[in-house]
Amino acid sequence: MIHAAGALPRLTVISVVDILVVAFVIYEFLALIKGTRAALILVGVTVIALSVYFLRLEGLVTLTWVVNRVRPYALIALVVVFAPEIREALARLGRRLTMTRASGSESDAYDDIVLAANLFSQNQTGALMVIEREIGLRTYVESGVALEARLSYDLLATIFRPSAPLHDGAVIVHGDRVAAAACFLPLSMNPVLSTQLGTRHRAGIGITEETDAIAVIVSEETGSISLAVAGSIERDLTVDQLRERMGQLLRRYVPPTVLPTPMTNGGGILDETEEEMPVRGSEQHSKPGGPR
Amino acid sequence: MKIGDLLRRYVFHNLALKMISLLLAFGLWYLVASGKLN
């Protein structure tokens, strides 16, 4: 037990546990809303709450009356305002408690990524798919076009179709949903990387340097499939190897499967040649769609 | 996983936010424990 000087209340072991638990809850909430509009709302709410607390509304009879009337509904209002964040927090807690990295639907969704990579490889269509893990990719999601669509093979094939408006950039996958397409990613500045690697590959590596995401990259030039994890890249993977590696990284069982046979160029929807990607934005953040 | 990686991932990641959370939690505990927050 600690007796702090002055007016500090008695600090016991239980108090320390109490503070740590509350700190954890506050941290999880702040981490959840960091970088979102909810953070700005929270700043506004905090400023109002602090103003009311410190001013004590001495002499301000009308304002005191208003605050007293509104206060009972403030908690309900906060729950309504932060409903999506609360839902997300509870879902995250549930995921942690059940120790699941990928649900059944997510597992199926990742299979769609592998199948799509197979298609892009056969048709030599450039593609970059980033899969979010523990660290949120909200900053990058907001740089692209928000989709929040259920992830499927057909959706990916449509997005990366060379004539499609969203093909130029990265797709960010969050759980079993495509959070956004045409996203800007940070380019890796690693000088050790091969000079053969173009913008798309560097963007794929760049995002894995800054976060714990994994990136699946299909070369437009050769059709080869690469996987970027933690700033390093595994090149020229077969589809089976990609499947296996993704299974390891996302910690799930990968049953053997038969992949579709190569498509013919004649009637394929992805047989057009993709034009070279213009590097947009700053030097560090580019939309990865360049050749290689 | 190396100790450095563990520290980077679980301790240093979002360190400022962790410090702010701890400060807020301590402040809240102080207000509640001293009866200033009824």
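Q: If a residue is buried with 20 or more other C-beta atoms within 10 Å of its own, exposed with 12 or fewer and partly exposed in between, C-beta atoms being placed from the backbone, which class does Arg161(A) fall into?
A: Arg161(A) is partly exposed, because 17 other C-beta atoms lie within 10 Å. Keep in mind that this is a predicted model: local features need pLDDT of at least 70 and side-chain atom pairs pLDDT 80 or more, while totals for chains, interfaces and linings use all residues. Residues are numbered from 1 along each chain as its sequence is written, with chains lettered from A and ligands numbered from 1 in written order.

Q: Got it. Where does Arg161(A) sit?
A: Arg161(A) is in the loop that links helix H7 (153–159) to strand S3 (170–174) of chain A. Helices (H or I, at least four residues) and strands (E, at least two) are DSSP runs numbered from the N terminus. The C-alpha atom of Arg161(A) is 9.0 Å from that of Gly126(A), and 35 residues separate the two along the chain.

Q: How many helices and strands does chain A have?
A: Chain A has nine helices and nine strands. Of its 292 residues, 32% are buried. Taking contacts in chain A between residues at least 6 apart in sequence, 65% join residues at least 24 apart; a contact here has the two C-beta atoms, placed from the backbone, within 7 Å.

Q: And what is chain B made of?
A: Two helices and zero strands. Buried residues account for 5% of the 38 residues in chain B. After helix H2(B) comes Gly35(B), with a positive phi near 75 degrees.

Q: Let's go to the interface. How many residues are in contact there?
A: On the chain A side there are 12 residues, in contact with 14 residues of chain B. The chain A side splits into nine nonpolar, one polar and two charged residues. For those classes, Ala, Val, Leu, Ile, Met, Phe, Trp, Tyr, Cys and Pro are nonpolar, Asp, Glu, Lys and Arg charged, and the others, Gly among them, polar.

Q: Which residues of H1(A) are buried?
A: Ile19(A), Ala23(A), Leu32(A) and Ile33(A) are the buried ones.

Q: Is Glu148(A) buried or exposed?
A: Glu148(A) is exposed, because 10 other C-beta atoms lie within 10 Å.

Q: What about Ala230(A), what is its phi?
A: Ala230(A) is another residue other than glycine with a positive phi, near 50 degrees. The position of Ala230(A) is in the loop between strands S7 (225–229) and S8 (232–237) of chain A. With 13 other C-beta atoms within 10 Å, Ala230(A) is partly exposed.
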